[in-house]
Amino acid sequence: MGQASSPKKELGLELTNMKRNPYLVDYSQFQKKRRERDFAKAAARKKRARMLFYRRLAVVTAAFVVLIAAVILAVWALSRAGGTEASLGNAIDESGEPKALWEEEIQDIQGISAEAFGRHPAWTEDFLTVNEYSRPGDALTEVNSIFVHYTANRGTSAAQNRSYFEQLKDTHERSASAHFIIGYEGEIIQCIPLDEIAYAVQTRNEDSISIECCYLSEDGSFTQETYDALIELLAWLTETYDLTRDDILRHYDCGGKKCPVYYVEHEDAWELLKRDVK
Ligand SMILES: [Zn+2]
């Protein structure tokens with residue numbers, strides 16, 4: 001009997017022992033450690049991968065920055081080379097660009113390039129006061145014709161005719177003016193800048209330049225001095241505005257007024273005058 005219950009007891013003891021088996025505990029601890037180690041390894045791997053990603057990102061960014069810098073440098077070098085080429089005649093002058101800008105600023109005189117303007121025949125610049133009767137101050141944006149007039153006031157000088165235009169601002173007598181007045185001694189007075197309109201021809205003030213001519217002769221023909229100065233001025237104007245001799249008109253050709261009277265009554269003289277403009 002005692003023998004019969006003994007194996008059961010022993011088995012129970014065995015089970016208890018087994019539960020307390022130190023190897024079993026060690027084994028589970030070993031697994032836990034291995035899991036921890038695996039986890040640490042995985043974390044380390046992730047960290048390495050992350051570090052690698054950041055390192056690559058840094059390399060790509062650096063390469064990109066270097067590339068941009070290289071492009072900027074290349075553009076700067078090219079623009080410098082261009083600037084040097086432009087100022088070959090003046091190798092010592094390092095400030096090529098500011099000089100070019102300054103030249104551009106003075107390039108426009110009365111709407112004309114400084115170079116072309118510099119070739120104009122000698123004249124006295126004596127602009128009228130801006131006023132609604134003789135110098136409206138409106139822009140003259142295109143020049144398609146040059147009109148020739150006579151003052152219709154025999155024996156008066158260029159200065160006197162200029163004064164007449166100037167006084168219109170007070171007398172309000174009428175609206176009248178011209179860009180130039182040529183005296184019977186050949187002197188030229190400029191009354192209105194070439195980039196402003198004059199009041200000289202009813203319908204063509206907006207796209208033309210007008211020249212008044214003084215005269216001494218009863219028939220209205222010009223003195224040789226007036227004639228020569230007029231030819232010189234017409235030659236410069238047609239060249240400057242890229243016009244032909246056919247763009248030189250009498251006031252008569254626009255509105256029928258007998259102005260300039262001699263060259264209306266003597267068609268051949270007018271044709272000769274136009275031919276004299278080289
Ligand atoms: Zn006229």
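The model you are looking at is predicted: local features need pLDDT of at least 70, side-chain atom pairs count only at pLDDT 80 or more, and totals for chains, interfaces and linings use all residues. Residues are numbered from 1 along each chain as its sequence is written. Helices (H or I, at least four residues) and strands (E, at least two) are DSSP runs, numbered from the N terminus.

**Helix H6 and what it packs on**

- The buried residues of H6 are Thr226, Ala229, Leu230, Leu233, Leu234, Leu237 and Thr238. Seen down the axis of H6, these buried residues fall within an arc of 160°, so they line one face of the helix.
- A residue is buried if 20 or more other C-beta atoms lie within 10 Å of its own, exposed if 12 or fewer, and partly exposed in between, with C-beta atoms placed from the backbone. The arc is that of the directions from the helix axis to the C-beta atoms.
- Which strands do the buried residues of H6 pack against? They pack against strand E4 (145-150), strand E5 (180-182), E6, E7 and strand E8 (248-250). Two residues are in contact if their C-beta atoms, placed from the backbone, lie within 7 Å.
- Just after H6, aspartate 242 takes a positive phi of about 55°, although aspartate 242 is not a glycine.
- Aspartate 242 sits in the loop between H6 and E8, and with 8 C-beta neighbours inside 10 Å it counts as exposed.

**The sheet**

- An open sheet is formed by 6 strands in the order E3-E6-E5-E7-E4-E8, and the pairing is mixed. Strand E3 (124-125) and E8 stand at the edges, each with a single partner strand, so one side of each is left without a neighbour in the sheet. Two strands pair if DSSP finds at least two bridges between them.
- E3 pairs with E6 in the parallel sense over 2 bridges, and glutamate 125 stands opposite glutamine 190 in E6. H6 packs on the sheet, and its direction makes about 170° with that of E7. For such angles, axes are lines fitted to C-alpha atoms, for helices over the stretch in contact, and angles run from 0 to 180 degrees between N-to-C directions.

**Strand E7**

- Is E7 enclosed or open? Of its 6 residues, 6 are buried, so E7 is largely enclosed by the rest of the structure.
- Both faces of E7 are covered, with Ser208, Ser210 and Glu212 buried on one side and Ile209, Ile211 and Cys213 buried on the other.
- E7 pairs with E4 in the parallel sense over 6 bridges, and phenylalanine 147 stands opposite serine 210 in E7.
- E5 and E7 also run parallel, joined by 3 bridges; phenylalanine 180 has isoleucine 211 in E7 as its bridge partner.

**Loops worth a look**

- Threonine 203 lies in the loop between strand E6 (188-190) and strand E7 (208-213). With 9 C-beta neighbours inside 10 Å, threonine 203 counts as exposed.
- Threonine 203 and glycine 255 are 52 residues apart in sequence, and their C-alpha atoms are 8.3 Å apart in space.
- Glutamine 110 has a positive phi of about 50° although it is not a glycine. Its place is in the loop between strand E1 (108-109) and strand E2 (112-113), and with 15 C-beta neighbours inside 10 Å it counts as partly exposed.
- A cis peptide bond, with omega about -5°, joins cysteine 259 and proline 260. Proline 260 is found in the loop between E8 and helix H7 (261-265).

**Helix H8**

- In helix H8 (residues 267-276), the buried residues are Trp270, Leu273 and Lys274. They cover an arc of only 95° around the axis, which puts them on the same side of H8.
- On the other side of H8, Asp268, Glu271, Leu272 and Arg275 are exposed.
- E8 and H7 are among what covers the buried residues of H8.

**Confidence**

- The protein chain averages a pLDDT of 86, and 80% of the residues score at least 70.
- pLDDT is the predictor's confidence in each residue, from 0 to 100.
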